[in-house]
Amino acid sequence: MTMELDVFVGNTTIIDEEVYQLWLDGFSVADAVKMRLENGALGECEVSGEVLHSDTMDQYRTFQMCERLLHCPSKLANQLLFQIPAHHQAMLIERYYEFDHMFAREVLGKKLSKGTKKDLDDISSKTGIALKSCRRQFDNFKRVFKVVEELKGPLAENVQHHFLLSDLLAKDYAAVVFFANSRFETGKKKLQYLSFQDFAFCACQLISYWTVGAVDNMMDDMDVDLEKEFLHDLKDLKVLVNDKDMLDQHKSLVCSQLRGRIRVFTEMEANFKNLSRALINIASKLTNTKDVRDLFIDLVEKFIEPCRSDKWTAGDLTLFLTHYTSTASTLETYRYQVIWERYMGVVKSCILKMYHD
């Protein structure tokens with residue numbers, strides 16, 4: 001039996017987006033062919049299974065040859081081996097660097113080293129993401145981290161500039177880099193309910209308000225490192241709970257604002273001093289590296305869990321934190337308004353994001 005094929009010869013590299021996604025997801029050629037068959041690929045083009053297998057093999061070879069260029073995306077536009085239209089280049093780069101949030105959640109805050117890479121088998125089994133895909137995503141995290149960790153300038157913009165990613169994806173990578181650099185604790189059992197998106201939001205807040213770059217955009221490593229002087233100055237906030245008269249006055253001001261406005265007013269009034277001490281003590285300990293790493297577990301254990309046990313709603317919490325912050329600034333003898341608002345602005349945003357009532 002003979003088969004006739006129409007052959008078209010051209011110099012533009014043909015990219016099948018469906019096959020590219022199968023390659024990125026770590027499927028073998030055989031599994032990719034099987035999935036294409038299940039999705040009706042033969043019915044669309046009326047070819048044999050053998051031709052479909054050959055086409056898939058050819059696509060996979062193309063992707064493997066392009067991969068070294070994707071490691072440094074700017075090279076893709078300047079090479080002559082593959083004639084790929086600009087819109088397809090953008091698609092290849094964006095999808096290559098996209099990552100599963102479930103995978104990112106498992107490695108978030110861990111050192112991007114060989115030790116973590118050895119855990120990828122377990123992460124693959126836990127998440128159901130193919131090991132090959134896990135390796136690609138991990139290597140991408142490591143590659144981006146190495147390129148941008150020492151660069152001067154806004155973190156997300158540096159990622160976007162060097163890897164040609166979309167705004168949203170660049171911001172997600174900025175969160176991964178920031179957590180890997182500061183090594184925040186994210187793996188404890190009490191933090192497992194938090195998603196990658198929850199932590200990425202908090203990373204954005206910390207980068208925007210607590211890093212060196214938040215106050216001086218000419219500093220090196222501006223968005224990667226927390227500002228040490230700011231963290232040191234947070235010790236001054238302890239006067240808010242150490243001075244009994246100031247603590248009582250602060251409580252009185254907050255209660256006058258919230259009476260009749262929140263369902264848990266009685267619980268709030270009874271527990272005000274404990275909650276205030278928790279927030280201030282977390283701030284005052286942030287000069288120590290370990291306590292910086294424990295920021296999120298401290299917020300959960302010392303503030304979020306007590307509120308949750310008293311059945312606070314997110315609305316109750318929003319009103320409390322808003323007036324807790326604003327009333328402190330009105331205290332006559334309280335001289336740390338700038339530091340206070342910089343600290344509480346981030347803490348309030350993170351707590352509200354982390355509080356799932």
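Leaving aside neighbours within four places in sequence, N271 is in contact (heavy atoms within 4.5 Å) with P306 and D310. The model is predicted, so local features need pLDDT of at least 70 and side-chain atom pairs count only at pLDDT 80 or more, while totals for chains, interfaces and linings use all residues. Residues are numbered from 1 along each chain as its sequence is written, and side-chain values use heavy atoms, without hydrogens and water.

N271 lies in helix α17, residues 265-284. Helices (H or I, at least four residues) are DSSP runs, numbered from the N terminus. N271 has a relative accessible area of 18% and is therefore buried. Buried means under 20% relative accessible area, exposed over 50%, and partly exposed in between, with a 1.4 Å probe and protein chains only.

The largest nonpolar core has 114 residues. Such a core is a set of buried Ala, Val, Leu, Ile, Met, Phe, Trp, Tyr and Cys residues joined through side-chain atoms within 4.5 Å. W210, M268, F296, F303, F320 and Y343 touch the most other members. Helix α12 gives the most to this core, with 10 residues. Beyond four places in sequence, the contacts of F303 include L275, L279, L317 and F320.

Most residues other than glycine have a negative phi. L164, not a glycine, has a positive phi of about 55 degrees. L164 sits in the loop between α11 and α12 and is partly exposed, at 42% relative accessibility. K311 has a positive phi near 65 degrees. K311 is in the loop between α19 and α20 and counts as exposed, at 59% relative accessibility.

Methods
Helix = DSSP H or I, 4+ residues; strand = E, 2+ residues; numbered from the N terminus.
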